[in-house]
Amino acid sequence: MIDQFNNTALYSTAIESRLARIEELVGDLHDWMRSEQVSSLPNSYRKLFSHLVSNDFERRYAAQITRSIFQAKGGRDLSQEELQLAAIAEINAGIRTMEEALPRIRRREHGERPYIIALVGSSGAGKTTMMYKLAVRALLSQGLRVKIISCDTYKIGSVEGVQTIADILKVPVGIAFETNEVESLIEGSDIDLVVIDTAGRSDRGARKELEDFMTAASPNEIHLVLSSTMSSRAIQDTAALFLGEKIDYITFTKLDEAPSLGPMISSLSWIGLPLGYLATGTIIPDDLLSSREVNAGAWAVEGLPNVEHNPEASHV
Ligand SMILES: Nc1nc2c(ncn2[C@@H]2O[C@H](COP(=O)(O)OP(=O)(O)OP(=O)(O)O)[C@@H](O)[C@H]2O)c(=O)[nH]1
Ligand SMILES: [Mg+2]
């Protein structure tokens with residue numbers, strides 16, 4: 001009897017505290033609408049703003065999208081579906097995408113410099129996995145002769161790990177311990193594409209070394225690899241740290257693990273660089289999409305579609 005009473009009391013305390021939290025959030029939402037000039041818009045537009053904010057879009061970006069749809073539609077009230085479609089179109093119009101190089105890379109003549117893609121970014125972002133995916137995609141879909149080069153000799157076991165996986169994937173591998181080794185690893189073999197992986201360190205010494213590696217490799221494209229599970233703030237702080245690196249594309253990983261894509265989309269608009277690749281899991285090379293294959297706006301507004309996997313595919 002006492003236990004039952006205690007359980008009921010606990011339950012109602014939990015509900016009360018959740019209600020208090022919801023009230024607080026609704027209060028915040030009203031304040032945000034006022035400060036972002038959304039509160040004067042029709043109810044359906046305010047709902048769109050709340051929908052975007054609850055999908056972790058940055059408030060300012062969500063308000064900008066909402067207001068520009070309102071203006072474009074001449075202030076007309078629209079159904080929720082129409083507004084979501086308009087939001088998807090507005091978001092996609094603001095995202096720059098990448099014309100993927102892989103299908104355009106031609107076979108190199110003997111001694112000709114290969115096409116080079118380099119991956120940089122913070123620790124655990126998914127650079128090494130992305131390197132394997134790009135190499136295997138180029139090999140299987142394009143029939144290119146591919147080599148992978150790892151400049152990450154810091155992490156315990158990373159050299160052995162790359163060598164083991166390269167053997168499994170049947171891709172030649174080079175390890176650059178020093179900056180001056182990069183050039184000779186790139187040249188001297190009949191290779192069409194080189195994918196370079198770097199160490200995920202961001203202290204000052206490591207950044208200088210990364211810059212030297214990039215100067216030595218002179219890649220055709222450098223991707224900053226970021227996890228889509230990060231907050232907008234973390235994405236933007238990391239991007240700011242790496243922007244001196246002559247980044248060409250922002251490549252996002254772990255879309256399968258991200259609760260929402262609002263932070264990724266809001267940050268892209270802030271960073272202003274084109275979206276490169278998107279990784280939606282650990283399967284090599286299946287879980288890899290180039291930005292033009294994806295309706296990123298729809299994924300951010302409506303959620304990610306379910307992806308079916310080949311059961312024979314390999315994970316790393
Ligand atoms: N769920 C999911 N996991 C991923 C994805 N990409 C990479 N991972 C996992 O994330 C972890 C880190 O991936 P790595 O490729 O080692 O990341 P990294 O950037 O090379 O990390 P460092 O070398 O430590 O800087 C591994 O467990 C990967 O299997 C993805 O798209 N989805
Ligand atoms: Mg790595």
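Which exposed residues does the face of helix 9 turned away from its buried side carry? In this predicted model, local features need pLDDT of at least 70 and side-chain atom pairs count only at pLDDT 80 or more, whereas totals for chains, interfaces and linings use all residues. Residues are numbered from 1 along each chain as its sequence is written, and chains are lettered from A and ligands numbered from 1 in the order in which they are written.

The face in question carries Arg233 and Ala240 (exposed: 12 or fewer other C-beta atoms, placed from the backbone, within 10 Å of the residue's own). The buried residues of helix 9 (residues 232-242), for which that count is 20 or more, are Ile235, Thr238, Ala239 and Phe242. They cover an arc of only 100° around the axis, given by the directions from the helix axis to the C-beta atoms, and therefore lie on the same side of helix 9. These buried residues pack against strand 1, strand 5 and helix 10 (262-271), contact requiring C-beta atoms within 7 Å.

Helices (H or I, at least four residues) and strands (E, at least two) are DSSP runs, numbered from the N terminus. An open sheet of mixed pairing is formed by 8 strands in the order 3-2-4-1-5-6-7-9, two strands being paired if DSSP finds at least two bridges between them. Strand 3 (173-175) and strand 9 (288-290) stand at the edges with a single partner strand each, so one side of each has no neighbour in the sheet. Strand 2 (residues 146-150) and strand 4 (residues 193-197) run parallel and are joined by 5 bridges, with Lys147 opposite Val194 in strand 4.

Conventions: Two residues are in contact if their C-beta atoms, placed from the backbone, lie within 7 Å.
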